[in-house]
Protein chains: 2
Amino acid sequence: MSAEHSRPGSRLDPWIDAYADRAVGMRASEIRALFAVASRPEVVSLAGGMPYVDALPLDTLADTVARLIRDRGPAALQYGSGQGDVILREQILDVMGDVGVVAHPDDVVVTTGSQMALDLVVRVFCNPGDVVLVESPSYVGALGIFQAYECDVVHVPMDEQGLVPEALSETIERLRRDGRTIKMIYTIPSFHNPAGITQSAQRRKEVLDVALRENLLILEDDPYALLGFDGVVPRAIRADDADQVVYLGSFSKTLASGLRVGWAVAPHGVREKLVLAAEAAVLCPSNFTQGVVSEFLATQPWREQVDSFRDIYRDRRDALLGSLDTHMPPGTSWTRPAGGFYSWLTLPEGLDATAMLPRAVSALVAYVPGTGFYVDGQGRQNLRLSYCFPDPDRIREGVRRLAGVMEAELEISSTFGTGAALHSPEGSATPGPDLA
Amino acid sequence: MSAEHSRPGSRLDPWIDAYADRAVGMRASEIRALFAVASRPEVVSLAGGMPYVDALPLDTLADTVARLIRDRGPAALQYGSGQGDVILREQILDVMGDVGVVAHPDDVVVTTGSQMALDLVVRVFCNPGDVVLVESPSYVGALGIFQAYECDVVHVPMDEQGLVPEALSETIERLRRDGRTIKMIYTIPSFHNPAGITQSAQRRKEVLDVALRENLLILEDDPYALLGFDGVVPRAIRADDADQVVYLGSFSKTLASGLRVGWAVAPHGVREKLVLAAEAAVLCPSNFTQGVVSEFLATQPWREQVDSFRDIYRDRRDALLGSLDTHMPPGTSWTRPAGGFYSWLTLPEGLDATAMLPRAVSALVAYVPGTGFYVDGQGRQNLRLSYCFPDPDRIREGVRRLAGVMEAELEISSTFGTGAALHSPEGSATPGPDLA
């Protein structure tokens, strides 16, 4: 390594030839810099999937945590089990009762957010070149993990009921005919991120039937299940088959994302591998944040807290849909989520969500362009709108601003023809926590 | 998958053929079951590397955390930066001042314990089959990570000054002659786990010189640096070269392991990759536990807390060494650590630490057999003794019990000849948080 490589401010990386193959594709998304701008308070961000933790009862939580430290500090501040605290694992069974999952505490692995559970599942199952089937579109953070393990991600179409079973079967057949090894079907059946769609009970059964017939693991990512606005909690796919499904849950959306406490429920052999992989990766999840969750669940009316979040997000969903109905130009369509955080919007012909983003940010509104939710360049005409964090008035103002930007773009497009918009930059799938 | 595979209680794993290559070697250590027994209160455990967090001022900490939630709850409970909180990264620079590391907050990546920083570095650098050079013995948790990424771990001899530079050079030359790709030198220069050895300043310079000459990255793992018993903090290798070294630090041993807050300091290009890998793995470290550390550093006399831990561990080190001097049979030797948590003991000829462990646990004392700290079957005559957690009287009692077991073993060995001990089982390198 020569000295000139290491002079201050040099962007040359002397280690460039030393990285692993898997690191070559790790690049910061070009839209990242824009999101730094978009985090300024004057911008209405419909981009990030940040839960509205401001609604938590802070005094109560402060007392809860202080009590945890005073009563059980030496345990809460110590290393713990690689699989997670056994009391919390029992409480998680109770939480999962709502989605119909019946399991044993031994089946549960607590992780540093369910993102880490996802990472561990892929680590345990996927060789470079293995195929993972995902919805179209799919969660940007999952795509980032699949790519980090050099998987080939293949998108399967969705309709208004979610993943299309016939398309799933055909995709599997085609890939296997080509000699490909498929490792799993990754699905977000309830209040999908980013599509805002929920699989019906019948659809879930059909997807499970395909998985059983083709002997493929289902990786069921279910962080939003308790946040359905009509009060119905969709039954998990895992509730109907304990052997074919790894189920992922999270306290990020029902309590606090900053604690980073999620979990996986897995068949016996898989669970053993996940624990060993978790121990290699982090030794153990934080006993302290697990203790905070556990103490909260044990001593506070946590279901009321979830109810209160649900009411907040329902109001915000209503504000979003109402203002979209009012302001969006003709040719625009969007999903009408029955829960969760997101609506998926399709722009009128001639508009490109990635190319439009800088203009939107200039007009003080931000969203996530659709291309981030695909690995294959799809999604230019789509964008994800999150209604979880801004209050209803801000959401309405954000939609007004977005509509203004779209109108201006459409005018350019109709004057100079489709394609007059700037060519959109490549949007890599690197997630960034603000896009979760 | 047939139904008989999934019947309750079956140990057959229907997914056995679906795992990634990297998961094939993931097996629970056979000594693991023993450690479950060893965690019973009547057993003196000289096995685990658990810091004595019981010495923390719990009331103060409870107040600190309650204040964090009341004053900055919405931020502390929210998703944060993938790189970690910028205020904490500035405070980490202050902490690292003691080991001579000068850096910019941008150079720091906060992780879920420094174990995760280690995982990320290997993820970013190592393809399957790449060589990692490690000390002989080396940290069991690092070996677990290297194996999880299918690296070839090659041990380099240590002497009483640590890693031997001549042996390091020769090993590099030999491996390169064989066409091998070496990715890094992994070293724990201060108060080594498990060897209890500290590299002198001259030795560090020599190791760095080899790395510079051979253009190899040094991965410097430094969680114990502030816990030197004579009050001198060894200067980090990273203090003398910012480009050749990735430095890992941790609050697990100086504040609380249960918070899982560690960090890496890396050259610019490497740091960018680490942040992207971290975002894929966990989105972001816990804002909440980072906030706890940050608030503690900002408002409490944290250096006094470290001083107090240092005094506690010095007393325990003295108790261990004093009772080893008194009770160990002839032919036994051990290192005399100047800081940290561990002494490395070499048994008299004819004794096998792994084979002896069940008898030790029956005699109500536990240790970690030496084989866990090697990937190549070395270490049968060695064991690691941790003095960090039990109080001095318990340590003395534990050493008395251990000496009794050794005397009994030696008698069998002298009566029936060397090798009369049970053949020791294979000890896999899977760490387990209790062995950290």
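# Briefing: a predicted two-chain model

The largest nonpolar core holds 287 residues, and those with the most contacts inside it are A:Val121, A:Ala264, A:Leu274, B:Val121, B:Ala264 and B:Leu274. The model is predicted. A rotation of 180° with 0.0 Å of shift along its axis brings chain A onto chain B, with an RMSD of 0.0 Å. This is the relation of a two-fold axis.

**Core**

- Leaving aside residues up to four places away in sequence, A:Leu274 touches A:Val109, A:Leu120, A:Val121, A:Val124, A:Ala264 and A:Ala266.
- Two of these partners, A:Val121 and A:Ala264, are themselves listed among the residues with the most contacts inside the core.
- In soluble globular proteins, nonpolar side chains tend to be buried together.

**Symmetry and interface**

- A rotation of 180° relates chain A to chain B, and the C-alpha of chain A nearest the axis belongs to A:Ala66, 2.9 Å from it.
- Both copies use the same surface, as 100% of the contact residues of chain A recur in chain B.
- Chain A contributes 80 residues to the contact, and chain B contributes 80 residues.
- On the side of chain A that touches chain B, at least two residues each come from helices H1 (21–24), H3 (58–76), H5 (113–125), H6 (140–148), H10 (268–282) and H11 (287–299) of chain A.
- H3(A) gives the most to that side, with eleven residues.
- By residue class, the side of chain A that touches chain B divides into 45 nonpolar, 22 polar and 13 charged residues.

**Sheet of chain A**

- Eight strands of chain A form an open sheet with mixed pairing, in the order S2-S9-S8-S7-S6-S3-S4-S5.
- Strands S2 (108–112) and S5 (162–163) of chain A are at the edges, each with a single partner strand, so one side of each has no neighbour in the sheet.
- S5(A) is joined by two bridges to strand S4 (residues 152–159) of chain A, and the two run antiparallel.
- Opposite A:Gly162 in S5(A) stands A:Asp159.

**Helix H12 of chain A**

- H12 (residues 302–327) of chain A has 26 residues and spans 37 Å from its first C-alpha to its last, close to the 38 Å expected at 1.5 Å a residue.
- The buried residues in H12(A) are A:Phe309, A:Tyr313, A:Arg316, A:Arg317, A:Ala319, A:Leu320, A:Ser323 and A:Leu324.
- An α-helix has 3.6 residues a turn, so residues three or four places apart point the same way.
- The cover over the buried residues of H12(A) includes helix H9 (252–256), strand S10 (333–334), strand S11 (342–346), strand S14 (382–386) and helix H14 (392–416) of chain A.

**Backbone features in loops**

- The peptide bond between A:Asn193 and A:Pro194 is cis, with omega near 10°.
- A:Pro194 lies in the loop between strand S6 (182–187) and helix H8 (201–214) of chain A.
- In chain B, a cis peptide bond joins B:Asn193 and B:Pro194, with omega about 10°, and B:Pro194 is in the loop between strand S6 (182–187) and helix H8 (201–214) of chain B.
- A:Phe191, in the loop between S6 and H8 of chain A, is not a glycine but has a positive phi of about 55°.
- A:Phe191 counts as buried because it has 26 C-beta neighbours inside 10 Å.
- A:Leu283, in the loop between H10 and H11 of chain A, also is a residue other than glycine with a positive phi, near 70°.
- A:Leu283 counts as buried because it has 28 C-beta neighbours inside 10 Å.

Key
Residues numbered from 1 in each chain as written. Chains lettered and ligands numbered in written order. Core = buried A, V, L, I, M, F, W, Y, C linked by C-beta atoms within 7 Å. Buried ≥ 20, exposed ≤ 12 C-beta atoms within 10 Å, placed from the backbone. Contact = placed C-beta atoms within 7 Å. Least-squares fit on C-alpha atoms with pLDDT ≥ 70 in both. Helix = DSSP H or I, 4+ residues; strand = E, 2+ residues; numbered from the N terminus. Expected span 1.5 Å × (residues − 1). Nonpolar A, V, L, I, M, F, W, Y, C, P; charged D, E, K, R; others polar. Pairing = 2+ DSSP bridges.
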